[in-house]
Amino acid sequence: MTAASNASTKAATATTTTASTSDLLTDEYFMGLALAEARAAAAEDEIPIGAIVVAGNRVLGRGHNQTERLGDVTAHAEMLAISAAAQTLGSKYLRGCTLYVTVEPCPMCAGAIGWSQLDRIVVGAADDKRGYTSILRPGASPFHPRAAVVTGIREDECRSLMQDFFRAKRVK
Ligand SMILES: [Zn+2]
């Protein structure tokens with residue numbers, strides 16, 4: 001995997017695990033890291049969505065929603081994770097990388113995922129209202145033609161974080 005080997009020389013902001021690429025950690029494991037980001041968002045009173053970008057077993061970028069803190073509607077978890085990964089790799093393209101995100105990306109983030117040429121997108125919970133699939137033409141995809149999409153990884157945990165957050169908001 002070329003992206004991973006390129007990345008190994010620029011590990012400043014990346015977390016390196018000990019497993020080799022022949023011993024890949026599972027999607028469930030990496031979604032757990034995205035969930036940790038989502039919980040960090042909740043702790044900051046941000047909508048609890050987290051994302052990480054991985055190549056091989058290396059985390060190249062992380063992000064959680066920070067639209068309130070930054071006063072920036074584009075500060076979604078995916079956008080921040082993609083920017084961080086590009087900085088780690090020293091490349092605007094994230095070929096050979098997987099994005100894990102706890103909630104289905106919105107159309108803006110789906111566009112960014114497409115531009116970055118990410119190879120795999122792994123989603124926790126669907127978002128029927130704001131997710132990119134809600135505006136998709138049948139048979140169309142915002143992603144790179146080669147990209148694979150996996151959904152429903154640790155779906156219940158990803159969804160309950162969102163439900164708990166909005167339920168608490170309503171009670172306030
Ligand atoms: Zn988004």
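A: Let's begin with a pair of residues: A51 stands opposite V101 in β3. V53 likewise has a facing residue in β3, namely L99. Strands here are DSSP runs of E with at least two residues, helices are runs of H or I with at least four, and both are numbered from the N terminus. Before going further, please note that this is a predicted model, in which local features need pLDDT of at least 70 and side-chain atom pairs count only at pLDDT 80 or more, while totals for chains, interfaces and linings use all residues. Residue numbers start from 1 along each chain as its sequence is written.

Now for the strand's partners. β1 and β3 run antiparallel and are joined by four bridges. With β4, β3 runs parallel, through five bridges. L99 has its bridge partner in β4 too, and that residue is I121. Strands count as paired if DSSP finds at least two bridges between them.

Stepping back, these strands belong to an open sheet of five, ordered β2-β1-β3-β4-β5 with mixed pairing. β2 and β5 (148-151) are at the edges with a single partner strand each, so one side of each has no neighbour in the sheet. From one strand to the next, the twist averages 15°.

Helices pack on this sheet as well. α2 touches β1, β2, β3, β4 and β5, and its direction makes about 145° with that of β1. α6 touches β3 and β4, and its direction makes about 60° with that of β4. Such angles run from 0 to 180 degrees between N-to-C directions, and axes are lines fitted to C-alpha atoms, for helices over the stretch in contact. The axes of α2 and α6 come within 11 Å and cross at roughly 5°. These two helices are therefore roughly parallel to each other, a label for angles under 35 degrees, with over 145 counted as roughly antiparallel, 65 to 115 as roughly perpendicular and the rest as oblique. Where they meet, L35, A38, R39 and A42 of α2 are in contact with E157, C158, L161 and F165 of α6; contact means that C-beta atoms, placed from the backbone, lie within 7 Å.

How covered is β3 itself? Six of its six residues are buried. A residue is buried if 20 or more other C-beta atoms lie within 10 Å of its own, exposed if 12 or fewer, and partly exposed in between, with C-beta atoms placed from the backbone.

Leaving aside residues up to four places away in sequence, L99 touches A51, V53, E78, A81, I113, L118, I121 and V122. In the largest nonpolar core, which has 44 residues, V53, A81, L99 and Y100 touch the most other members. Such a core is a set of buried Ala, Val, Leu, Ile, Met, Phe, Trp, Tyr and Cys residues joined through C-beta atoms within 7 Å. The largest share of this core, eight residues, comes from α4.

Methods
Contact = placed C-beta atoms within 7 Å.
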